[in-house]
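I opened this notebook to record what I looked up in one structure.

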Amino acid sequence: RASDLSNSWLGTEWGAKFKALLSKFFKFEVIVTSANGRWFDNAAVVTNLLILEKRNEVEEPNAEEITKFITIQKDLKNIENYEELETLYEDIITNNSCDSFVVREYATINILNINLNWNALFTNISWLEQIEDKLIDCSSLYEINRGERRGQNEMFYPAAGHNIEPDYIKPVLKTPRHINTLIARAETDAFCCSDSIEELEDFGMTGTLNWINKFQCKFNNKGEPLPEVLIKTAGEDCYWYEMNDSTMADLVASVNFNKRIFIAKLDHRSFVDQRLTRFTCLNEDIDIDLTHALLNSIVGVFYLEALGFGRGLGALDSSPTSLKKNLKILNPDLLTDNQKSLIKEKFELFKNRDIMDIEDEFSDSIRIDFENTVLEAYGILHLKQEILNAFFFLYNMRTSVNN
């Protein structure tokens, strides 16, 4: 049985449930995607073709079942007749290798163990087994979550002239468009108050009291009083007007990468908006500068690409939940003090320059030197080309929809 659908099922939470359910009824024989533009112009989505074999009875998939992940490299719009299309289909079914497509085969047990989106299975990731013992969960170092969302931006992101006392103003980064280098600077004020009304009165904080009172009697667009609405999302033991500073970030990433893929460090711990993913350091012993560098190495960038999926217009949808569960980082504890210093020294040479598009980044001599230093420190420099090939295969496949 053949079917087609949007590629979002490869990398979303609902897609994971869909795959688990469907696999009980059907064996995934072949999954086909395009590396040469969208197949259909009437919708801004990337289409997948599924070839399924119906099971005799409802059951869990066998661990040894093989699924083929096929990437069509030929522009189907250039196929001139039905016979040519039929030949391509027959080549895919019979695994007759040709220049028009690339085939990867994975057993179910391997698919389940890699903890990457299925989109990553269109490339060669066999090298991951060789670095598995050098990786740790990024969530063991950082709390990873979507940026702050209290709603009511007018209240929590006050415009100039608000007269709130400086004690209750924190920086906030509202958009990835303002991130030009790997060091990000929050550009807007955020209202952050964890003191009670009584304490504010005792402290004589009239500006802050006036600000809270301004919204005390306001309503949302459903006609509900703001205090009643905001207390529901304020968090345990928080005031309705409170935005807790425990959700401030040290590092930040976009939720929609395009041709720049990176994780930036905030020059000061700041709030970030819900359109961003925050990384909040879990303890003071973590070397933020070192982990920042490692997350921006080719291994880290590969994971960012491999944990997302390409939207119809070429942007990478990067779920904070997926990063929280599955983002890996090269283990900084495996490095000597000299290796740590050298990596940070090499990273320092380009972290303050403008972030370039990916093709330019990995052609830059300073960036190349940094990548070589990182991979050599972990004893995996010999895998560099395989890692680069895997990353660029996914990157080019995603961005080809705009060609």
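**Entry 1: cysteines.** I searched for disulfides, taking one to be a pair of cysteine sulfur atoms within 2.5 Å, and the count came to zero. I then looked up C238, which is in no disulfide; its nearest cysteine sulfur, that of C192, lies 9.8 Å away. For burial I used relative accessible area: under 20% is buried, over 50% is exposed, and anything in between is partly exposed (1.4 Å probe, protein chains only). C238 counts as buried, because its relative accessibility is 14%. I also looked up C281, whose sulfur is 9.8 Å from the closest cysteine sulfur, in C138, and therefore too far for a bond. C281 is buried as well, with a relative accessible area of 12%.

**Entry 2: basis of the values.** I noted that the model is predicted, that local features need pLDDT of at least 70 and side-chain atom pairs pLDDT 80 or more, and that totals for chains, interfaces and linings use all residues. Residues are numbered from 1 along each chain as its sequence is written, and side-chain values use heavy atoms, with hydrogens and water left out.

**Entry 3: the chain.** I counted helices (DSSP runs of H or I, at least four residues) and strands (runs of E, at least two), numbered from the N terminus. The chain has 15 helices and 17 strands. Its C-alpha trace spans about 80 × 55 × 40 Å along the principal axes. Of the 403 residues, 51% are buried. I took contact to mean heavy atoms within 4.5 Å. Among contacts with a separation of 6 or more, 74% join residues 24 or more positions apart.

**Entry 4: cores.** I defined a nonpolar core as a set of buried Ala, Val, Leu, Ile, Met, Phe, Trp, Tyr and Cys residues joined through side-chain atoms within 4.5 Å. Which residues have the most contacts inside the largest core? They are F279, F302, L327 and F391, in a core of 85 residues. Helix 15 gives the most to this core, with nine residues. Apart from it lies another core of 24 residues, including M155, A190, C192 and F271.

**Entry 5: F391.** I found F391 in helix 15, which covers residues 384-399. F391 counts as buried, at 0% relative accessibility. Leaving out residues up to four places away in sequence, F391 touches I261, I298, V301, F302, E305, I358 and F362. The C-alpha atoms of F391 and V301 are separated by 7.9 Å, although the two residues are 90 apart along the chain.

Entry 6: I looked up helix 1 (residues 13-25) and found G15, K19, L22 and S23 buried. Seen down the helix axis, the buried residues fall within an arc of 100°, so they line one face of helix 1; the arc is that of the directions from the axis to the C-beta atoms. The face turned away from the buried side carries the exposed residues K17 and L21. The buried residues of helix 1 pack against strand 2 (26-34) and strand 3 (47-54).

Strand 2 has eight of its nine residues buried. I counted strands as paired if DSSP finds at least two bridges between them. Strand 2 is joined to strand 3 by six bridges, running antiparallel, with F28 opposite L52 in strand 3. Five bridges join strand 2 to strand 4 (residues 66-72), and these two run parallel. S34 stands opposite I72 in strand 4.
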